[in-house]
Amino acid sequence: MDNQLVKFVKQHNTMKKISLLALLAVIATSVFAQPTGGGFNRAGGRGNGQMNIGRFYGKIIDSKTGKGIDGVTIQLRGNKFDTVAKQMKEAILKTIITEHNGDFSLEGLILFGNYKFKATAVGYKLFEKQISFGIKMPQPGQAPDMQQMMALADKDLGNLKMEQDASTMDAVVITSTAKQQFELGIDRKIFNVDKNLVSAGQTAAELMKSIPSLSVDIDGHRIIKKATPTIFIDGRPTTLTLDQIPVDIIDKVEIITNPSAKYDASGGNAGILNIVLKKNKKNGYNGNVRAGIDSRAKINAGGDINIRQNKINFSLSGNYNQRKSISTNSAYTKIFTTPDTLVNSVEDATNNGYFMFFRGGLDYFVDNRNTFTLNGSLQRGQFDNDGFQNIDSSITSSKYANYTRSTLSNFNMRNSGLQLSYKHNFEKAGHSLSADMNYNYSKSDRLSNNSSSYQNTTSNFLQSTDGRGLNKFLTSQLDYENQLTDNSKLEAGLRSANRNFETESYQSINGTQINKASVRYKFDDNVYAAYTTYSFKRNKTSYQLGLRAESSNYTGTLQTLAGADSTSFNIKYAISLFPSVFITNKLTDKEDLQLNYSRRVNRPNFFQLLPSYDFSDPQNPTVGNANLIPEFTHSFELSYNNAYKKASNFLASVYFKHSSNLITNYIYKDYNRLSNKLGDSLYYGSFINANTSYSYGVELTTKMPITKWWDLMMNFNIYNAQINATIPNQSIDNNLVSWFGKLNSTFKWSKGWSFQINWDFRSKSILPQGQGGGGMRGGGMFGGGAQTLAQGYILPRYFDVDIALRKEWTWKNGQSGSINLSMNDVFRMRRQTEANAYYFYQTTDKFRDPQVLRLNFSYRFGKADLTLFKRKNTKAEGGGMDMMP
């Protein structure tokens, strides 16, 4: 193989037209510059040590007793280029001694060429074995598999028995480590946050605008293929919202549009959005400090440090972010009365606050095959909102027709989390058992005061809402994985998710508590699941068959303060089955075709079920519906992926989704529970199960280097969405063809300069459904907020553009830094909606935080060592969600 490698490199070094793969750069750097490699070396210099990422590890045991042997001398020999003799010669590359339990680890190895493994010990026969990483040279123009490399960066030799024959070793394929902004796969998209310039110093909510396949409106609603995805952090559910997570602690975001039976069935038909946080495990110490400021004089600061010594790895990170959000909302509403009532409202609001995020972790590597991980996190935030609203209506018979309302509110949140993980790798590669426990505890309180002044009277209307909530969330999971053969794999697992929530809200009018509008509510939500998947390959076609069984039980108790007895609500499903099927055909080395199917569920959340009235906006109250039932979705996808040239991908997907009992919003008319006067009525926003919903469409995504200095990513999605609903006093059959697109363009030139443009554009579309109450609260028929009704629409927006400029430095001592200048919403785009309901017609116009300028600086220190991308820690370290073998 060494002669073939020399021939391969020489052949490509003589080419006049340089069109080499990223992998060839790795080969050239590793082979020609490293004197300690296992292939050969022509130069004798140090070169780029980061390319030597190969690792062999295992255990030497007694063939009779099976116990580990202490003090075995292990010698690794390989070919090395002799600069004097000008030829390849065999040399000793590594010599180590096994630990007391027989464990050994040979690190810092070049990935190419053959090695001779030799073990000697007093009283034992000589043990010798020829070993290699089994690298196959790619053809010119063939792109390496980036994701596969991260999972297969080392090789477990298993338990090697002295005095007996060695165990058979599986080949491992290693590819380039170059990290790109977008990684497109047949089953997911991976967005590497470090490469995104426009979101530096912001939160995960702003980051979502840059991610392909994801449509984000001005209110932060995230839509994937016409539905709202489930948010995970490091592969686990969370109680945090996206605006509570700083971008600077995020490593990557995974978009899995149609998850297999291995993952939670909850989340409806939009799949999973998994946020993977940064967690460094490089040897020695390394870290990062960062700071920034925006054009509203709000600062952000943070840092992280990682220390790795022997079997202990410790990491700590912290962030502090100040926020100031300014918005203007206007609404025109026609209420269908006799005669029609016209209402115009304009609201200006300013939200000031901060949040802090701290995270620490400890890893203990017991031995080569056992790892314990303990992680903890703390979050704290406070936000103050100051709003002023002016409302004019055509009602002439009432002194309350025209008025102004000022709002002062305060929101505090505290969140803490604890995660404990254990992973054991068996002797055979691909055979593992892992256990995981994740606990989240959060508290929040909100105080809101509304003062309304009416034009034709001297009296004021003072309303206060005092509320608080407590949320406890415990998840436990056990996963088993066994690579039965080279072409078959079995996975199975158990999971429990237990949530306990308590809330209370007290409403007061002019200092007097209104018991009918004040409530205490609590619920317990328990979901238990078991899954199994079996993957196998026949010729060029891979199959994955999965089945997940879930049992769910929701129990809620409502206690009013008006003397009524407590009311309990229960939604229980003994067993629900969720199958999944994935069939992937490898058409060529560069092309894949996949057909997949899954069944999923979207259970109603707390705000949708909570049967208490929210009068924080007294003219637009909302209430949950305790009679909601889960919606079930069948999802089909056909995808084609083509890595047609170096660093380029084209991904095309055709999808169809059918949902029954879709959870949607509606308006109904009832008496005024605040005044409790005969003939005084209000319009209430609530939730109901629609009959059915269909959506189908085509998504096209491509990423390509136009030139050496220009990278381009384009995403386009065209779909048809249809909602059929029968709700009180009306039937809805809403059908609309819509589209949206994204373009990310990055320009790079010499001396570390780069410039990035993110462009988002979309047509008219149906309003997202089931936003958990957030879309209804604080707006409505008389306010500035849009109605997220089944018959509502978002109007087109074509020029939503963010830009950023970055300068990066790298110093000789390995330290590096960068400065980043960015601006969001360059063209000051508005979010406009319209809704045509049974009781009213409404148009809205919303304007939030345009042209905010942000300046951020980051300094990175420490030494990089990629040898820690190991099979034994792939799941625990990365936080990613592996699906297919």
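Here is a short chat about strands and a cavity in this structure.

Q: What kind of model is this, and how are residues numbered?
A: It's a predicted model, where local features need pLDDT of at least 70, side-chain atom pairs count only at pLDDT 80 or more, and totals for chains, interfaces and linings use all residues. Residues are numbered from 1 along each chain as its sequence is written, and side-chain values use heavy atoms, leaving out hydrogens and water.

Q: In which sense do β20 and β21 pair?
A: Strands are DSSP runs (E, at least two residues), numbered from the N terminus, and two of them pair if DSSP finds at least two bridges between them. Here, β20 (residues 370–393) and β21 (residues 403–425) pair in the antiparallel sense over 22 bridges. For instance, Asn390 has Thr404 in β21 as its bridge partner.

Q: And how many bridges join β21 and β22?
A: These two are antiparallel, with 23 bridges, and β22 covers residues 431–454. Leu408 has Asn449 in β22 as its bridge partner. β21 and β22 form a hairpin with 5 residues between them, and Gly430 in the turn has a positive phi of about 85 degrees.

Q: Which residues lie nearest the centre of the second largest cavity?
A: A cavity is a set of points, on a 1 Å grid over the protein atoms alone, where a 1.4 Å probe fits but cannot get out; lining residues have an atom within 4 Å of a point. The second largest cavity has 20 lining residues, with Ile233, Arg359, Ser377, Asn438 and Asn440 nearest its centre. Elements giving two or more residues to this lining include β20, β21 and β22.

Note on methods: Helix = DSSP H or I, 4+ residues; strand = E, 2+ residues; numbered from the N terminus. 1 Å grid on protein atoms, 1.4 Å probe; cavity = no way out; pocket = protein on both sides within 12 Å on 5 of 7 lines; lining within 4 Å.
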